[in-house]
Amino acid sequence: MSTEIKQLTEKLQLTLDPDQLTNCMRCGFCQTACPTFQETGLEAASPRGRIALMKAVYDGKMEPDAAFRSQMDLCLGCRACEPACPSDVKYGQLIEQARESIAAVTPERWPVRTVKRLFMERLFPHHGRMRLLGSSLKLYQTSGLQKLARGLGVMKLFPTHMREMEAVLPQAAGDGVIRRWEKLGLPARWEQGEGGQSLLVIPAEGERLGRVGMFRGCIMDVLFTETNVNTIKLLRLAGYEVVVPASQTCCGALHNHAGERESARRLARTNIAAFGAARVDAVVSNAGGCGATLKEVDHLLHGDPGEAEARQFASQVRDVSELLAEGRPLPLKPLGQGEEQVTVTYQDSCHLRNVMRVTSAPRQLIRTVPGAKMQELPDADRCCGSAGIYNLTQPEMSASVLDHKMEQVERTRAHVILTANPGCLLQMKWGVHRHGKDKTMQAMHLVDFLAESAGQR
């Protein structure tokens, strides 16, 4: 046994939760819900199979070799297996524990290590740097550099999936939701929260039903700034005062999925402090992946001195669709021309559905839009293949999962595909482009769709 294998074995035995490993009854209900098992038909590529691999290593019956690590990496982390599990096995916690152990022991190639450190430590947690990145990307998109790069064939130097993803990127922004809101001259005031934290407070329209803190995200705030702005507009219409803490940071979802759990814990502590200072009734997210990570900070910080605060914070996290469904009815107007209806389908964000367990609120809101015909998407609960940066690290599996998803989308004859997570939205945009549907179909965030109907775009 090599030193690396021995160290990884010891780390896994210290990190994996033995109770969750033994909770699995090997019934196989998870297999029908698992995208990688459905794609490969391999037992090892199912949640049951991966748990069996983890337990074998934990019990000292096998070594965590390259094949073991490959199966841990192949998992999408969609967690569709959890609602399907009669024993309530916390598979998501197990796969993250396994990845944390692998990341701590297994050396990465220097290019991968350098890129991860650049984005996860130097960019994502720093809002100012993210806005600078957004400004640079916007310059590339609007100055003619993008057109020149494509004309010179520069993009051909990149893999096909990266070229296709570049083609569907939305126009980036360098301001973020706080600066954009101020530029628009819309109602707002600055307050000082506990500990001197700066808070942008945006009043509700009409009677205030509650005070909510908005989580703006990192990538979300530079690639989907308009969606963040529309989120605030809709919340105001629904009767909420919206608070945006300036000191909030990245949710840590990508760090957690990559096994960088200590970094994720550090980010969680910052966000708990930022929203704690805001004195809000709820913390609202418009990104399923971010919301799920925030919803589980109490598990992430289990045993931490701040666990009680983490538990309180987690209990406050809500998806924007839940608050909109509970608030004052939105003043929605008909879509389309005359009697023409717009056929709409909805793709569930895996983490919104499987972790936050939000399924009915988005559909309820869609059905309130005049002129929108809601067509349920077959297998809407199946992952689209995005899974954070999975479409970059596992492009072949991601594309295969996406292609099957688009087959189901085409069956709905939808004009609009809605989702509630930025990663899913980019993936579905990629799917529309990849399948040549750009002229007949578009992918939108649920918030932007509602804002258009409410005349807020």
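Trainee: By class, what residues does the lining of the second largest pocket have?
Mentor: Four nonpolar, nine polar and ten charged. Ala, Val, Leu, Ile, Met, Phe, Trp, Tyr, Cys and Pro count as nonpolar, Asp, Glu, Lys and Arg as charged, and the others, Gly among them, as polar. One caution: this is a predicted model, where local features need pLDDT of at least 70, side-chain atom pairs count only at pLDDT 80 or more, and totals for chains, interfaces and linings use all residues. Residues are numbered from 1 along each chain as its sequence is written, and side-chain values use heavy atoms, with hydrogens and water left out.

Trainee: How much space lies in that second largest pocket?
Mentor: About 480 Å³. A pocket is an open set of points on a 1 Å grid over the protein atoms alone, with protein on both sides within 12 Å along at least five of seven lines; a cavity is a set where a 1.4 Å probe fits but cannot get out, and lining residues have an atom within 4 Å of a point. Points are joined across faces, edges and corners, and the volume is the space filled by probe spheres set on them.

Trainee: Which lining residues are closest to the centre of the second largest pocket?
Mentor: Q93, R261, H299, L300 and H302, out of 23. Several helices supply at least two lining residues each, including α1 (3–15), α7 (91–105) and α17 (288–295). Helices here are DSSP runs (H or I, at least four residues), strands are E runs of at least two, and both are numbered from the N terminus.

Trainee: What about the second largest cavity?
Mentor: That one holds about 80 Å³. Closest to its centre, among 14 lining residues, are C34, P35, P47, C75 and C78. Two or more lining residues come from each of α3 (35–40) and α4.

Trainee: Switching to aromatics. How many aromatic pairs are there?
Mentor: Two. Rings of Phe, Tyr and Trp (its six-membered ring) pair if their centres lie within 6.5 Å; planes under 30 degrees apart are stacked, over 60 edge-to-face, the rest tilted. F215 and F275 have ring centres 6.4 Å apart and planes at 40°, so that pair is tilted. F215 sits in the loop between β3 (210–214) and α13 (219–223), F275 in helix α16 (residues 261–276), 60 residues apart.

Trainee: Are F215 and F275 buried or exposed?
Mentor: Both are buried. Buried means under 20% relative accessible area, exposed over 50%, and partly exposed in between (1.4 Å probe, protein chains only).

Trainee: Why is the F275 and F313 pair called tilted?
Mentor: Their planes are at 55°, so the pair is tilted; the centres are 6.1 Å apart. Ring pairs link F215, F275 and F313 into a cluster.

Trainee: Last one. Which residues touch the most other members of the largest nonpolar core?
Mentor: L234, L235, V244, L418 and F449, in a core of 72 residues. A nonpolar core is a set of buried Ala, Val, Leu, Ile, Met, Phe, Trp, Tyr and Cys residues joined through side-chain atoms within 4.5 Å. Another core, of 31 residues, lies apart from it, with M120 and W430 among them.
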